[in-house]
Amino acid sequence: METVLAIVIGGLYAISFYLMLRRSMVKLILGLVLFSQAVNLLIFTAAGLTRAQPPILAEGAAALPAPYADPLPQALILTAIVISFGVLAFTLTLTRRAHAGLQDDDLDELGRSDRL
Amino acid sequence: MKIALVLPILIPLLTAIACILAGASRAAQRGLSVLGAGALLAAGLWLACGVHTGGIQAVQLGNWPAPFGITLVADLFSAIMVVVAGFIGLCVAIFALANIDPARERFSFHPLYHVLLMGVCGAFLTGDLFNLFVWFEVMLMASFVLIALGGERPQIEGAVKYLTLNFISSGLFLTVLGILYGKFGTLNMADLAVKLSGQQSGVALSSAMLLLVAFGIKAGLFPLFFWLPASYHTPPVAVSAIFAGLLTKVGVYALVRVFTLIFTADPATTHGLIVIVSVLTMVTGVLGAAAQYEMRRLLGFHIISQIGYITLGLGLFTPAAVAASIFFLVHNILAKTNLFLISGAVGHVRGTGQLKQIGGLYHDYPWLALLFMIPAMSLAGIPPLSGFFAKFALVKSALAIESYIPVVAALAVGLLTLYSMTKIWAEAFWKADPAGAAAGERKAVPALMLLPICAMALLTVLIGLFPETLLGLASQAAGQLMNPSGYIEAVLGKTP
């Protein structure tokens with residue numbers, strides 16, 4: 001399972017960077033969305049996958065029996081999802097404003113304020 | 001004493017909330033903003049005194065013992081950074097009263113400004129890598145809105161670049177966190193330092209390199225700095241000034257923290273690379289500045305060049321060099337923020353920062369010219385100002401370990417910095433006003449702009465006249481950084 005997910009994650013990173021390197025504004029946003037998903041999946045996978053062993057104490061037990069899923073990465077991912085959701089929502093509004101000003105999907109047109 | 005660690009985060013948060021509640025009342029928001037920034041400075045000073053006398057302080061939030069809970073730690077380096085953040089925060093908050101227009105104030109400039117300060121202080125104080133990520137995001141979220149607030153076209157264009165690159169940087173940071181947690185099962189910095197100490201592994205090296213890229217983007221290191229000069233000149237000056245003074249330095253702080261505490265097993269590779277990157281950063285930044293003819297764009301390139309000096313000390317990795325880095329960091333934040341504020345005052349009286357279109361400022365505002373000379377000459381490293389001692393300490397520490405190429409680069413870049421500063425001097429202050437004498441009425445510089453500029457210039461001169469005070473503190477802070485067992489003991493409560 002880890003091997004399959006590793007390949008999927010690698011593919012997602014590659015696709016997201018490819019999309020971000022394109023000149024289109026829409027593809028940039030899609031790239032950012034995929035990138036944040038890939039990162040979350042990486043945290044999930046790197047911490048190790050444990051099947052069907054929720055970390056819930058049985059009644060009266062003092063400790064969990066050995067193989068159980070680590071809940072911490074999921075807490076990390078949840079935080080990361082919330083943050084990236086907020087940032088992506090802001091990105092969408094911002095690029096919409098930029099697009100309204102430019103009337104163009106071409107990111108190279110954003111360089112105007114850079115010229116000497 | 002525990003409360004002193006939480007106050008630098010709590011005060012900006014409460015100020016931001018109070019500003020939101022003050023809502024429609026512009027006067028109340030302005031008052032609260034300055035009051036909150038002043039309280040932050042006081043809290044920072046209190047924390048620094050406590051750390052100076054009582055050693056490294058740590059507090060476990062929610063009473064979860066480290067490494068399971070979130071730890072706030074203040075060593076002397078963190079405390080110095082919080083004090084500087086408080087001082088810059090206060091100066092720029094006062095400047096903003098005269099610089100930010102009522103429309104931006106109505107659209108919650110003041111709450112955002114304090115959320116930004118909260119993120120910065122949180123990043124300086126946290127002892128946990130994931131928590132550092134969260135503080136980065138708090139700071140970035142506020143900065144995204146601040147840079148776009150107002151919605152002028154260059155601002156929106158700059159904001160898209162700023163946001164994209166910082167999003168990628170955060171994603172890479174998070175990637176490292178996933179890898180480190182998967183491999184070592186902890187994200188507490190002190191605990192990671194214990195688990196990684198002395199062992200060279202492929203995972204540690206690749207994590208170190210990914211972090212160098214992630215923090216390098218935020219700090220503006222070569223070759224990842226291109227977003228900075230493309231975006232920092234677009235928002236109002238008060239916003240650019242706080243960005244220039246603090247945001248890139250948070251990236252530098254994170255670099256110093258992880259490369260003195262966690263990734264120290266193979267300094268020949270990691271720190272050797274940092275030296276190379278620093279030299280290239282110094283040189284490209286200053287050459288980029290030489291081509292610019294707009295004040296804030298020119299100063300933006302100088303931020304990059306100066307970042308190179310600070311990371312150079314980290315790369316050389318001796319106690320003297322790290323102490324020089326810390327000294328340089330403090331000097332640079334003061335001088336750089338001040339130069340941005342002066343560019344704001346120039347923009348206020350002349351309406352533009354384009355060097356070709358302005359002139360005659362020395363004739364019209366001789367005292368403003370004097371105030372410009374102090375941070376400008378300090379940045380270039382002319383004695384007896386703070387920049388001279390910062391560069392002197394850095395060069396001396398490099399010579400002590402016979403690392404000559406960085407010395408040559410540092411001195412040559414200093415000369416080119418002087419060239420840039422004299423260019424601003426000659427174009428904006430010295431030459432005759434191209435608008436001619438026709439522009440009869442002279443706009444006065446508001447006192448609210450002059451006050452912070454004077455305060456920072458005074459501090460620059462004071463550091464220059466009494467450098468041994470700050471140098472002593474910096475050496476002490478560097479001593480704590482270079483010998484992390486004290487830090488680890490303060491967090492984990494046991495000797496490693």
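Guide: Helix H7(B) is followed by B:Gly185, whose phi is positive, near 70°. Helices here are DSSP runs of H or I with at least four residues, numbered from the N terminus. This is a predicted model, in which local features need pLDDT of at least 70 and side-chain atom pairs count only at pLDDT 80 or more, while totals for chains, interfaces and linings use all residues. Residues are numbered from 1 along each chain as its sequence is written, and chains are lettered from A and ligands numbered from 1 in the order in which they are written.

H7(B) spans residues 153-184 of chain B, 32 residues in total, and reaches 46 Å from its first C-alpha to its last. That is close to the expected 46 Å, the expected span being 1.5 Å times one less than the number of residues. Because 25 of its 32 residues are buried, H7(B) is largely enclosed by the rest of the structure; a buried residue has 20 or more other C-beta atoms within 10 Å of its own, with C-beta atoms placed from the backbone.

Also in chain B, helix H6 (residues 129-148) and helix H11 (residues 237-261) pack at an angle of about 160°, with their axes 12 Å apart. Axes are lines fitted to C-alpha atoms over the stretch in contact, and angles run from 0 to 180 degrees between N-to-C directions. H6(B) is therefore roughly antiparallel to H11(B), a term for angles over 145 degrees. Among the residues that meet are B:Leu132 and B:Met139 of H6(B) and B:Phe243 and B:Leu247 of H11(B), contact requiring C-beta atoms, placed from the backbone, within 7 Å.

How values were computed. Helices (H or I, at least four residues) and strands (E, at least two) are DSSP runs, numbered from the N terminus. A residue is buried if 20 or more other C-beta atoms lie within 10 Å of its own, exposed if 12 or fewer, and partly exposed in between; C-beta atoms are placed from the backbone. Angles under 35 degrees count as roughly parallel, over 145 as roughly antiparallel, 65 to 115 as roughly perpendicular and the rest as oblique. Two residues are in contact if their C-beta atoms, placed from the backbone, lie within 7 Å.
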